[in-house]
Amino acid sequence: MGKAAAQKSGKSLVIVESPAKARTIGKFLGRDFTVEASIGHIRDLPQGAKEVPEQYKGEDWAYLGVNVDQGFAPIYVIPSDKKKQVAKLRSALKDAKELFLATDEDREGEAISWHLCEVLKPKVPVHRLVFHEITEEAIREALQNPRQIDDGLVKAQETRRILDRLYGYEVSPLLWRKIGRGLSAGRVQSVAVRLIVQRERERSAFVSASYWDLLGTFATESGAEFEAELVSVDGRRVPSGKDFDARTGQIKDEKLLLLDEPRASELAQRLAQARYRVSAVEEKPYTTRPAAPFTTSTLQQEANRKLGFTARRTMTVAQSLYENGYITYMRTDSTSLAQVAVEAARELVRSEYGPQFLPDQPRVYSSKVKNAQEAHEAIRPAGHPFRLPESLRHELNSDQFRLFELIWKRTIASQMADARGHRTTITLEGDGAIFQVSGKTIDFPGFLRAYVEGSDDPQADLADREVILPKVAVEQVVTCRDLETKGHETQPPPRYSEASLTRALEELGIGRPSTYASIIDTIQAREYVFKRGNALVPSWTAFSVVRLLEVHLSNLVDYEFTAQMEDFLDAISRHESLHVDYLHEFFFGNDTPGLKKRVETKIKEVDARDVSRFPLGKPAAGEHSDEVFVRVGKFGPFLEQGERRASVPHDMPPDELTLGKALELLDRGKSDDDPLGHCPDTGKPVYLKNGRFGPYVQLGVADDKEKPKNASLLKGMAPEDVDLHTALRLLSLPRTLGNHPDNGEAVISQTGRFGPYVKCGSETRSLPDDISPLDVTLEQALELLATPKTRGRQASAPKEPLRVLGDSPVTQQPVRLLDGRYGPYVTDGETNASLPKDAAAAEVSLEFALQLLATRAAEKPAAKGAKRKTAKKAAKKSTKKKAETET
């Protein structure tokens, strides 16, 4: 090796993961270094039978891509879409005098460096560079202190990958057979879904209760007014929401004074005449400490609460900030700050806020997380001294600036003085009634001057605001000016948001914060979960999957068992445990059957009907008295009551599907069987039906030789407004309006996925909201077709870019910002990537665009050739790929 190195006098080669990171590092290294990007992992387990090397295809374990008979040895392949980049790296290495691997410092980064060594087989000295911020000082320090690749981190990543493959490829086929094709199971994914389903079960079981109380308006002799709530009457406490049983709606303690509206009004009349005095004034000082600097998890939570960012959006923006040298590494469980960062933060506190906001000693934060896989410092602004956010406003796009400012404020606040104040509680008495009010006064804002932490509970957030009460003394008389009766309803537990789910997973020790973004993406893509506002709502399919796993493979979704898996991976990363014994016990079992045997048994034992059938209850009486069930079928959930069937709307949360609502849908389904009339041309009946995706009209019945024709209602149409005439007009679409005078081709009006439009040949134009496809004339259609096409990516002429941002180092083509059907997007000629919501097109930089494109390219599957031979083969391949889900 020394002789080979001596013959080379070229540059040193540095390999990182992404082009953006390569460009930033290249600025600091100078002419003696060449910096290239691997663009993520260059090797992986086979993604299907086609990718399995020929010599392994006859093995029983080949479908796994892991040799479970020989120490769980993984079979690695270079995906076809990475071969070009690998060839480029090999070429760059030929003339290099030494190789520096500068991938990220976590498990994934360590594994990428190891795979690069395995594939490139360098004959020159190899060094591992580790840094948690991309600044010139950090890079120079890393060059002076290189290390070797950490085998513990590599083996931990590889074991995690193998566990995910075994879990996904063994359990997913069970879901296909018993619930539906295309489903998947995952080590962390399935536990996350279980949490969301469990919360929905609690909401479904919840019984609301109502109660009333009084809110009084009181005034001192000086005229200062304040409000106080009724606490008790004649020694009996007035209940609050926590005093009711969530499953029955009944009050837990019969001694409490439960008021309804008439009794509350009667009590208000009585107490309005009473004389009130101050019976107690209690003041307590309080001190609030600032929150620790951001970890990956807390950054995702706060960005969701304060900025409305999804976990994926937060991590994409954070990665671009890191790779361009603005923040430290964004995948970390640590809350500690380097000494230089503490000094930089304290200096900013002194200069920006004043010495009174600076504590005598630096604050030290310690993390309770014991794993070694993540960075050893919190997320903070890179470099020192820290740059002020305003100085970067013109360098960063909107998302980048907002997230950087959040990180900057949190970091600075973590080194500021405590907030101090006092809480005051005033108690009033009169005619046996006790009223109370609490106030909060901030004496010194401390860190609150820079940063206030968000809350998942808006009511708690509101209650914590400053409330200043008038100065009163014990035995002072106050006047009651008004008594208002107030009704309350107890509320079910809130659904998980991305922020609260992330916090729950972290508290349970399940998964790693760096994977939560992909987990949340996956459970939505698999349609286990959909969003209603910011809440994560489980589908009935999720209910079926969770029931199957809870009943038949309970340890796989057990919270403690899954957390222990993470502890085991951490132990491997610290060189404290060996992986083979654990994998053998997990897959084959020792004293008890392992995963493989249990799944084989369950494929025979599990009754598909049992896991996909959920009782809603039995009507008290009536024509239809059979029990009502929700069933998860091949085409989605539906209701079943004896012989009656009805679809369940796809956007209806499970907790809203009560017995009453189900009977309403079943009755509506019965009316679906009564035709609006008959088509005069065919004689077939015409129906108005309600399906998973809303109301539609249908010509004929399913028993006909041909599939019945159907048509969705147009936007703004209500089912009650649809008569036979309207239904026939809907079924007449597509309408031929006439022929185009220039080319003689037919002009047609139609409705599609994106709304109504007109078409002539290959030209299409969307119809404006005020023109219906049922009423559009040939003249109107010709006028629309004559206008330039301004939406959609298949324009009649090449689309003019909004901006050309520069050249792509990957494709060597211009990176263009375009306006498409789904909004602005960037393209490098080979890959397209949509801009995140709220990202201003005018502020998109080349670096940000390249980061979006690199992320999108990493998500794209390998090229599959010009055309697939059959739809059946394509569907089979797609389903196979869904079997495995990372964590």
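Student: What makes β20 and strand β21 a pair?
Tutor: This is a predicted model. β20 and β21 (residues 685-691) are joined over two bridges, in the antiparallel sense. Pairing needs at least two bridges, so β20 and β21 count as paired. H678 stands opposite P685 in β21.

Student: Which sheet is that, and why are β20 and β23 called its edges?
Tutor: The sheet is open, has four strands in the order β20-β21-β22-β23, and pairs antiparallel. β20 (677-678) and β23 (709-712) each have a single partner strand, so one side of each is left without a neighbour in the sheet.

Student: How do you know that strand β1 pairs with β2?
Tutor: Five bridges join β1 (residues 12-16) to β2, and the two run parallel. The cut-off is at least two bridges, so β1 and β2 are paired. V14 has V35 of β2 as its bridge partner.

Student: Where do β1 and β2 sit in their sheet?
Tutor: The order is β2-β1-β5-β6, in an open sheet of four strands with parallel pairing. β2 (33-37) and β6 (126-128) are the edge strands, each pairing on one side only. From one strand to the next, the twist averages 20°.

Student: Which helix touches β1 and β2, and what angle does it make with β2?
Tutor: Helix α2 (residues 19-29) packs on the sheet, touching both strands, and its direction makes about 170° with that of β2.

Student: What about helix α3?
Tutor: Helix α3 (residues 83-94) lies across β1, β2 and β5 (98-101). It runs at about 165° to β2.

Student: Why is α10 called roughly perpendicular to α12?
Tutor: Helix α10 (residues 311-323) and helix α12 (residues 398-413) pack at about 85°, with their axes 9 Å apart. The range for roughly perpendicular is 65 to 115, so the label holds.

Student: Which residues of α10 and α12 meet?
Tutor: In α10 they are R313, T314, V317, A318, S320 and L321; in α12 they are D399, Q400, R402, L403 and F404. By class, the contact has five nonpolar, three polar and three charged residues.

Student: What makes β28 and β29 a pair?
Tutor: Four bridges link β28 (residues 803-807) and β29 (residues 814-820) in the antiparallel sense. At least two are required, so β28 and β29 are paired. G806 has V815 in β29 as its bridge partner. The two strands form a hairpin with six residues between them. In the turn, Q812 has a positive phi of about 65°.

Definitions and conventions:
Residues are numbered from 1 along each chain as its sequence is written. This is a predicted model: local features need pLDDT of at least 70, side-chain atom pairs count only at pLDDT 80 or more; totals for chains, interfaces and linings use all residues. Side-chain values use heavy atoms; hydrogens and water are left out. Axes are lines fitted to C-alpha atoms, for helices over the stretch in contact, and angles run from 0 to 180 degrees between N-to-C directions. Contact means heavy atoms within 4.5 Å. Angles under 35 degrees count as roughly parallel, over 145 as roughly antiparallel, 65 to 115 as roughly perpendicular and the rest as oblique. Ala, Val, Leu, Ile, Met, Phe, Trp, Tyr, Cys and Pro count as nonpolar, Asp, Glu, Lys and Arg as charged, and the others, Gly among them, as polar.
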